[in-house]
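Try each task before you read its solution.

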Amino acid sequence: MSTQEEFDEWAASGKDRGMEDHHWHTAKDALSAIPVEEGDVILDLGTGSGYALRALSQTHYLSQGIGLDGSPAMAQNAREYTDAVNVSYTIGDFHHLPFADESFDHVWSMEAFFFAEEPVQLLTEIRRVLRSGGTLFCAVNFYQESKHTHKYQDQIDVPMFLWSQQEYRDLFREAGLDVAAQTTIPDEEIEIPPKDEFPTEEWETRDAMVDRYRTWGTLLTIGVAP
Ligand SMILES: C[S@@+](CC[C@H](N)C(=O)[O-])C[C@H]1O[C@@H](n2cnc3c(N)ncnc32)[C@H](O)[C@@H]1O
């Protein structure tokens with residue numbers, strides 16, 4: 001199955017909203033750290049339900065927010081979830097961004113990066129469309145150190161790449177971005193049952209669940225265009 005087909009199915013079955021609810025636990029902290037200034041233009045790559053731009057447009061005066069997604073069904077759902085005039089959603093492949101050089105102040109991407117077939121090409125494209133001083137906020141929960149997320153690859157029919165924290169930093173730099181910061185954001189909202197309730201349907205042990213959500217949570221790597 002192609003990535004587009006997979007996510008078209010997710011959008012049709014309402015999983016886009018499920019992802020939004022779940023990702024919001026840590027996305028809200030990461031989004032609030034983006035140094036958005038009045039009139040900024042923001043790009044959301046692999047936008048899914050488009051919630052990140054909806055949230056930013058409610059708290060900041062954006063000149064424009066554009067969400068790009070490879071799944072037409074995801075982009076269509078995202079359009080239907082908002083009537084904000086300065087936010088739009090478009091279909092496209094994030095390896096070939098249909099935007100002019102230096103046209104964005106910030107790029108946001110959550111839980112989408114690891115679907116790239118050519119991650120360095122994706123980063124190079126992001127570097128190209130960012131203005132000098134512009135930022136990339138890249139949030140992922142599927143990464144090398146968070147070993148209890150590795151099983152996610154078995155639950156989805158498209159290949160995902162598994163980088164370490166160091167590899168994210170190295171590849172950002174290889175694409176011409178400075179690394180401003182890297183941090184992990186714990187998911188404090190997910191409820192973790194007491195020890196005697198394990199195993200659950202999804203988790204073998206309580207320790208595994210704590211490791212996944214509280215210890216490693218979401219990896220946020222922040223790049224800056226020089
Ligand atoms: C796991 S979802 C995350 C959606 C949203 N960012 C969130 O936090 O809920 C990954 C999204 O990336 C999109 N995607 C995957 N590969 C893509 C590509 N090559 N170009 C554009 N979008 C892509 C998928 O269609 C999907 O909507």
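Rings of Phe, Tyr and Trp (its six-membered ring) count as a pair if their centres lie within 6.5 Å; planes under 30 degrees apart are stacked, over 60 edge-to-face, and the rest tilted. The model is a predicted one: local features need pLDDT of at least 70, side-chain atom pairs count only at pLDDT 80 or more, and totals for chains, interfaces and linings use all residues. Residues are numbered from 1 along each chain as its sequence is written, and side-chain values use heavy atoms, with hydrogens and water left out.

**Exercise 1. Classify the ring pair Phe-113 and Tyr-168.**

Step 1: a search of the whole structure turns up twelve aromatic pairs. Step 2: for Phe-113 and Tyr-168 the ring centres are 6.3 Å apart and the planes sit at 50 degrees, so call this pair tilted. Step 3: Phe-113 is in the loop between strand 4 and helix 5 while Tyr-168 is in helix 6, so the pair ties together parts 55 residues apart in sequence (helices, H or I, of at least four residues and strands, E, of at least two are DSSP runs numbered from the N terminus). Step 4: check burial, where buried means under 20% relative accessible area, exposed over 50%, and partly exposed in between (1.4 Å probe, protein chains only). Phe-113 comes out buried at 1%, and Tyr-168 is buried at 0%.

**Exercise 2. Now do Trp-203 and Tyr-213.**

Step 1: with centres 5.9 Å apart and planes at 70 degrees, this pair is edge-to-face. Step 2: Trp-203 lies in the loop between strand 6 (178–185) and helix 7, and Tyr-213 in helix 7, so the parts tied together are ten residues apart in sequence. Step 3: both Trp-203 and Tyr-213 are buried.

**Exercise 3. Find the residues with the most contacts inside the largest nonpolar core.**

Step 1: join buried Ala, Val, Leu, Ile, Met, Phe, Trp, Tyr and Cys residues through side-chain atoms within 4.5 Å; each joined set is a nonpolar core. Step 2: the largest one has 50 residues, and Leu-43, Leu-45, Phe-113, Leu-123, Leu-136 and Tyr-168 have the most contacts inside it. Step 3: another core, of 21 residues, lies apart from it and includes Ala-27 and Phe-137.

**Exercise 4. Which element gives the most to the lining of the largest pocket?**

Step 1: on a 1 Å grid over the protein atoms alone, a pocket is an open set of points where a 1.4 Å probe fits, with protein on both sides within 12 Å along at least five of seven lines; lining residues have an atom within 4 Å of a point. Step 2: the lining has 43 residues, with Phe-7, Trp-10, Met-19, Glu-111 and Phe-115 nearest the centre. Step 3: helix 2 gives the most, with seven residues.
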